[in-house]
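Biologist: Could you walk me through this model with a few questions and answers? I am new to reading structures, so please go step by step.

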Amino acid sequence: MTKLLCPVCKNELNKTERTFSCEKGHCFDMAKEGYVNLLTGSKAGALIGDNRDMARSRKNFLDKGYFKALADKLCEITIALKPETVLDICCGEGYYTQALSENCDTAVLGFDISKEMVRLAAKRKCNAEFFVANMADVPLADSSIDCAFHLFAPFCEKEFARIITHGGYLISVCPGADHLWGLKQALYETPYKNEEISPELDGFTLEKTVRAGDIITLESREDIDALFKMTPYYYHTSDRDKQKLDKLNTLKTQTDFYIRIYRRG
Ligand SMILES: C[S@@+](CC[C@H](N)C(=O)[O-])C[C@H]1O[C@@H](n2cnc3c(N)ncnc32)[C@H](O)[C@@H]1O
Ligand SMILES: [Zn+2]
């Protein structure tokens, strides 16, 4: 059983019905959707992380199965590794967390700093347990996780090394060179391929890189918009180029994901 720690005093948290509490009397109640907020401070996650519209749009898009090739590959990798517990470190609205909990015979935890993302994840009603938590100060004991996923999110390798057991795995996913090439061709006159960066992580050895992907056809303007908003291009594209998407009702594009499997030394 993975030990959750009190974010205030770092003592162990114990669960009684719908409350987690530590020996010093700090209490964290389960929200009605079933998640627990383990962020401290007055705002406790309300105003940080992704906002409500982005969270919903991401969930609607992913639930249509456009990135299923990645979810399937992550489950295949997890089934082969047979971990006791999987942590999805920045789980977002829980699309991949749900896939892992439904297809792999393992306990699954999902953490994210955005309360809105975690609320949507908990509403999925899968077997995973969801917490609002900061990856820079993960409320878990040292060496308590034997497999952690890190998908399209910022890094905090010192904290990842602390919570992952020696010999355990960190599985990190980022866009591959050809990811969303069709979208980039629709937007830009001279699109560039993504750089293939393979970051070295202190305390980990890169064991393997696996590639997953598919050719997908987005069937509506709404889906094209949702995908565009999920990408960094949304923030870095001129209005003139953005308008090119307004003329499209369908869009065919490649998806390409690099899945890097790191082992904790
Ligand atoms: C691009 S989304 C990816 C979500 C999910 N992994 C997925 O692939 O669908 C990045 C996520 O990282 C979360 N995030 C950003 N900083 C974080 C932090 N310090 N601690 C925990 N989560 C964080 C955001 O709230 C957001 O949900
Ligand atoms: Zn405490």
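Biologist: Which residues are the closest to ligand 1?

Modeller: Keep in mind that this is a predicted model. Ligand 1 has 18 residues around it. The closest of them are C90, D112, N134, M135 and L151.

Biologist: What distance separates the polar side-chain atom of N134 from a nitrogen atom of ligand 1?

Modeller: Let's go through the polar contacts one by one. R58 has a polar side-chain atom 3.2 Å from an oxygen atom of the ligand. L151 uses a backbone N or O atom, 3.0 Å from a nitrogen atom of ligand 1. For the side chain of N134, the distance to a ligand nitrogen is 2.8 Å.

Biologist: How much of the accessible area of ligand 1 does the protein cover?

Modeller: The space that ligand 1 takes is the largest pocket. On its own, the ligand has 600 Å² of accessible area. Of this, the protein covers 87%.

Biologist: What geometry does the site of the zinc ion (ligand 2) have?

Modeller: The protein donors are C6 (SG), C9 (SG), C22 (SG) and H26 (ND1), at 2.2 to 2.3 Å from the zinc ion. Along the chain they follow the spacing C-x2-C-x12-C-x3-H. The angles among the 4 donor atoms run from 100 to 116°, and the site is tetrahedral.

How values were computed:
Residues are numbered from 1 along each chain as its sequence is written. Chains are lettered from A and ligands numbered from 1 in the order in which they are written. This is a predicted model: local features need pLDDT of at least 70, side-chain atom pairs count only at pLDDT 80 or more; totals for chains, interfaces and linings use all residues. Side-chain values use heavy atoms; hydrogens and water are left out. A residue is near a molecule or strand if one of its heavy atoms lies within 4 Å of it. A polar contact is a pair of N or O atoms within 3.5 Å; within protein, one must be able to donate a hydrogen and the other to accept it, and residues adjacent in sequence count only if both atoms are side-chain atoms. Accessible areas come from the Shrake-Rupley method with a 1.4 Å probe; for residues, only the protein chains shown count as cover. On a 1 Å grid over the protein atoms alone, a cavity is a set of points where a 1.4 Å probe fits but cannot get out, and a pocket is an open set with protein on both sides within 12 Å along at least five of seven lines; lining residues have an atom within 4 Å of a point. A molecule sits in a cavity or pocket if more than half of its atoms lie within 2 Å of its grid points. Donors are N, O and S atoms within 2.8 Å of the metal (3.2 Å for Na, K and Ca); water is not among the atoms, so sites may look incomplete. Four donors count as tetrahedral if all angles lie between 85 and 135 degrees; four count as square planar and six as octahedral if opposite donors are over 155 degrees apart and all others between 65 and 115; anything else is irregular.
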